[in-house]
Amino acid sequence: MKTTTSIEELENRIKLLEPWRYNHSYGEILIKSDTFAAQLHDRFGKGLMRGILTNLIADKDPKELRALDLGCLEGHYTDILCSLGLKEVVAVDVSEGHIERAEFLLKELKGYENVTIVQGSVGDENFMKSLGRFHIILFHGLLYHLKDPLKIFDILEGLIPDDGVFYLLLSTQYKMPYNLVVSPMPLADLQIKPLEEVDGDHSSGLLYSPADGSVFERCSFRLNPSAVYRVLKLYGYQGLIAYDSPIGYDYSFHSNLVLTKRPQPSLLVNLNNHLKIPGVKFYEWDGASVDSYRFNKKWISKLLRFAIRLQFRIFKTLKLGRKNFR
Ligand SMILES: C[S@@+](CC[C@H](N)C(=O)[O-])C[C@H]1O[C@@H](n2cnc3c(N)ncnc32)[C@H](O)[C@@H]1O
């Protein structure tokens, strides 16, 4: 923290920068948020992320590592990366409000010198290339907001370092209802969040959420877990480790993944041995589960899939019927 800044001045700045989405503290300074996301982050998210990252860098010199936090929001995960003493942490968000809060939190308040905060879009290839290469990339809560969710995997290819040390931490939502999660349809069925949840200047081509200042290229849409799995395989991700976070249940349905290009069997064992968080288990992901729901084992999912197939068949027959009628 800048020593010349008084606590009162800092508290005024915190107020001016509202709304905050997460709770933060530094010495006697507290940033308070009353969101559900803040509660979840304090109960599970923070500890999980710190534990995973600590594990990933355990046998490496942090001073040689660069990390990237994509869609960093106000820097709640960037904060953890910076605190691990990495050589450099780059945080990117498209929202001006989030960038201002992240700048304040990470630089002014916490005084990190290993952080670079940049406003830009992850879909902008040239911008992303200009950031350099990274050993760890956090890609949480963003895939389902992108206009072109496949393009980002091409862009990520250009950010991987040559020395092979590379981890992608991908977390994406699928949202409910459950029957759409297990639907055999391809990548997405493009169902969108109710429009009243977003507001603002649609003419700019971006959506703005007044609740917390996030900016999105598009409304959330439902990805299909097995399609995400296939895409990851196609891009050469070998070690696909999933963990079912206890937050997934309450919040929506997620895949939380730790991905590498070079399989490391010891990583799975280490994560399970060193990270003992009640309700959290790391396992090899085969694309057939979201959080703790496994599609091909539970009788309910079999029943649902049967119902969906039946529904498609009826739909097809009706469509054919209509054609014949014309
Ligand atoms: C759902 S939040 C996830 C925040 C954080 N990564 C996490 O998991 O808690 C999505 C964030 O991505 C940002 N965002 C949305 N589209 C983006 C884009 N095209 N490029 C960069 N950031 C974007 C939003 O402003 C928001 O901060």
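View 1. In the protein chain, 72% of the contacts with a separation of 6 or more join residues 24 or more positions apart. Contact means heavy atoms within 4.5 Å. This is a predicted model: local features need pLDDT of at least 70, side-chain atom pairs count only at pLDDT 80 or more, and totals for chains, interfaces and linings use all residues. Residues are numbered from 1 along each chain as its sequence is written, and side-chain values use heavy atoms, with hydrogens and water left out. The chain has eleven helices and 14 strands. These are DSSP runs, numbered from the N terminus (helices: H or I, at least four residues; strands: E, at least two). Of the 326 residues, 48% count as buried. Buried means under 20% relative accessible area, exposed over 50%, and partly exposed in between (1.4 Å probe, protein chains only).

**View 2. The open sheet.** Eight strands line up in the order S5-S4-S3-S6-S7-S11-S10-S12, with mixed pairing. Strand S5 (115-119) and strand S12 (282-284) are the edges, and each pairs on one side only. From one strand to the next, the twist averages 20°. Two strands pair if DSSP finds at least two bridges between them.

**View 3. Strands S3 and S4.** S3 and S4 pair in the parallel sense, over five bridges. Asp 69 stands opposite Ala 91 in S4. Five of the six residues of S4 are buried, so S4 is largely enclosed by the rest of the structure. Helix H4 (residues 96-109) lies across strand S4 (88-93) and S5. H4 runs at about 170° to S5. Axes are lines fitted to C-alpha atoms, for helices over the stretch in contact, and angles run from 0 to 180 degrees between N-to-C directions.

**View 4. Strands S10 and S11, with helix H10.** Strand S10 (residues 239-243) and strand S11 (residues 254-260) run antiparallel, joined by four bridges. Ala 242 has Leu 257 in S11 as its bridge partner. Helix H10 (residues 265-274) packs on the sheet and touches strand S7 (167-173), S10, S11 and S12. The direction of H10 makes about 160° with that of S12.

**View 5. A buried histidine in a loop.** His 135 lies between helix H5 (125-129) and strand S6 (136-140). Is His 135 buried or exposed? His 135 counts as buried, at 9% relative accessibility. Leaving aside neighbours within four places in sequence, His 135 is in contact with residues including Glu 64, Arg 66, Asp 163 and Tyr 167.

**View 6. Two backbone details in loops.** The peptide bond from Glu 18 to Pro 19 is cis, with omega near 10°. Pro 19 sits in the loop between helix H1 (7-16) and strand S1 (24-26). Leu 73 is not a glycine, yet its phi is positive, about 55°. Leu 73 belongs to the loop between strand S3 (66-70) and helix H3 (76-83). Leu 73 is buried, with a relative accessible area of 9%.

**View 7. A nonpolar surface patch.** Phe 306, Leu 310, Ile 314 and Leu 318 form this patch, with about 420 Å² of accessible area together. Patches are made of residues with over 30% relative accessible area and no salt bridge; like charges are joined within 9 Å, nonpolar side chains (Val, Leu, Ile, Met, Phe, Trp, Tyr) within 5 Å. A salt bridge is a side-chain nitrogen of Lys or Arg within 4 Å of a carboxyl oxygen of Asp or Glu. Accessible areas come from the Shrake-Rupley method with a 1.4 Å probe; for residues, only the protein chains shown count as cover. Ile 314 is in helix H11 (residues 299-325). Ile 314 is partly exposed, at 48% relative accessible area.
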